Amino acid sequence: MMVLDKQKGLKSLSKEKRQKLEAYQHLFYLLQTQPIYLAKLIFHMPQNKTTKFVESVIFSLYNYASSRREAYLLLQLFKTTLQEEIRSKLERPQDMVTGNPTVVRLVVRFYRNERGQSALREILGRVIQDVLEDRTLSIHTDPVHLYKSWINQSEAQTGQRSHLPYDVTPEQALSHPEVQRRLDISLRSLLAMTDKFLVAIMSSVEQIPYGMRYVAKVLKTTLAERFPDASENEVYKVVGNLLYYRFLNPAIVAPDAFDIVAMAAGGALATSQRHALGAVAQVLQHAAAGKAFSGESRHLQALNDYLEETHLKFRRFVCRACQVPEPEERFAMDEYSDMVAVAKPIVYITVGELVNTHRLLLEHQDWVAPDHCDPLHELLEDLGELPTVPDLIGEGMAADGSPDLSKLEVSLTLANKFEGLETDAGDTSARSLLLSTKQMLADVMQFQPGDSLEEMLSLPATREQEAAHKRLTCQRRACESQTPEPLRRHRSLTAHALLPLADKRRRVLRNLRRLEGLGLVSARDGYQGLVDGLAKDIRSQRRRRQQRKAELGKLQATLRGLDAKTAFCEEQGDYYSQYIRACLGHLAPRSSSSGKGKKQPSLRYTAAQLLEKGVLVEIEDLPASHFRNVIFDITPGDEAGKFEVNAKFLGVDMERFQLHYQDLLQLQYEGVAVMKLFNKARVNVNLLIFLLNKKLLRQ
């Protein structure tokens, strides 16, 4: 994927197209912060298109919830979309289970495949590892399987053919006491193992990702509001289906697919291990759904009492899982957070995703925003007609020959077009004055203590205080010089921070008089409002540092995870490379004799003979009547799977070509029927492989 310079952002694109891309910044800010638009779009689109749209755009738009802001906004999208689904589509609570809504698939995919992987590993890793390490564990509850195993074991021990029929029905198999005895043993083992999984799940509510739990809470609340006549048990079954069947169950059935357990390169779960995990998952699934065994599973009816007891535990589990705070409290965010944020949000998205999102909004705008005074219509009018990818990035960049321009990545600094249109310039100036005053006052208070603010500002600083303050300014200057330009503070704030202590004191006194004139502070209370505001800012700084430390810890954990994944992929790559080399080793040329000095077997055909066999299709600029004068010699190379092809015309060497067997197999896999040799001869790939296999390679 081609990636634009992320420091330059839109500046690295063609100048004549920057205005349109800035309009995209306004559009994507609206889509990101107002989830109703994307919620309606997801709801209105066909499911087969929704999945692709969601994968390619929505997660990119929310930066995969990599920050508190994006995590908060993504949850708002999930909440809005889920509520829209329940209120508009569902006729009964059970439809949420049978209908497989897009939003549920989206939520589960995000929280199970991203940070949820580590949660699943914490919840299930130990008990799954116990199953894999128990070589004696054998859980089979199929009567026919137990019956056949009994017959096979009996015949192997006695050496005599059993007089019992081999093909029987489950009822016929259960009529034998030995089969019933083996089934009882399997059921006891199954219950013991299921209990271990149950304990692990019930004790791990806090390990489930917050987003998954909050969506479960929204699901529970919205179902109860939409279907007031539905029993509490019905609602709990639907929420349990989300938390257990969709989130936890797949990790039990296929732990290797979700990195729950570490598998060696080329390793795989044994059939008996998969069968045991599948049996445990089946029991837990029935328990979570409150469904008893019956019908074809009549032989498991002895577990129904256990299922009823376990279902009550699942209800308590679901109830605890739904007890989570609202996102505003969890992430300390609300609809006003962007107004006070210093840094503007940035998203990285491909040009193709920009165009596709624009196209979908144009197609569905009347459904997404039925009110024609809606801001979305104004932003779409700003964008104008739907551009093509080359139109958007400019002809100069399109002419560079990129294989797929739609994957060109751009950075968008999102901005609210409708923010601050009526803001008084004086308000902005007053806020800047208050901010710089607080900053300088904090420095003065640090080096000149006093009983009151007026006393602190009236007393001159001592030499020791000036020297200590000068050391601080030197440290700040050195730190500022090492900070990248995009991360540096505003120049005016930096200049104020580097002033001498006496100058800061005089400037604070002057600013206090100006602020009092603006009505922002009062000398009557000793500027107590300013002091209280400064104390609040200091506390906020502490929270910010804690948040930054937590986010840094998450990034470091992610980096460690990526390093571990990289090492695993490299190990897998080495394993498959060895496997391929071993396979190529088996492709050694056929030889009727061995020993040093023996020539490698080779093939010699005229072009006419290869044409007759169908291997040769044509030779450009050479009539078929001359094919008998062209000879092809095919000789195995020094390395397995490589062949030297030599073409002669009237006995004169014309071309040499090295043919790789792997390349032929790749072409065959890709469905390529004809390839060129020497840029002249066209040959049939499938028949050439057949000829090499038959004449030169071992089968």
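**Terms and values**

Author: Tyr527 is buried, with a relative accessible area of 10%. This is a predicted model, in which local features need pLDDT of at least 70, side-chain atom pairs count only at pLDDT 80 or more, and totals for chains, interfaces and linings use all residues. Residues are numbered from 1 along each chain as its sequence is written, and side-chain values use heavy atoms, with hydrogens and water left out.

Reader: Why is Tyr527 called buried?

Author: Buried means under 20% relative accessible area, exposed over 50%, and partly exposed in between (1.4 Å probe, protein chains only). Tyr527 has 10%, so Tyr527 is buried.

Reader: What makes Asn100 partly exposed?

Author: The relative accessible area of Asn100 is 29%, which lies between those cut-offs, so Asn100 counts as partly exposed. Asn100 also has a positive phi of about 50° although it is not a glycine.

Reader: Why are helix 2 and helix 4 called oblique to each other?

Author: The axes of helix 2 (residues 36–44) and helix 4 (residues 68–88) cross at roughly 45° and come within 9 Å. Axes are lines fitted to C-alpha atoms, for helices over the stretch in contact, and angles run from 0 to 180 degrees between N-to-C directions. Helices are DSSP runs (H or I, at least four residues), numbered from the N terminus. Angles under 35 degrees count as roughly parallel, over 145 as roughly antiparallel, 65 to 115 as roughly perpendicular and the rest as oblique. Helix 2 and helix 4 are therefore oblique.

Conventions. Helix = DSSP H or I, 4+ residues; strand = E, 2+ residues; numbered from the N terminus.
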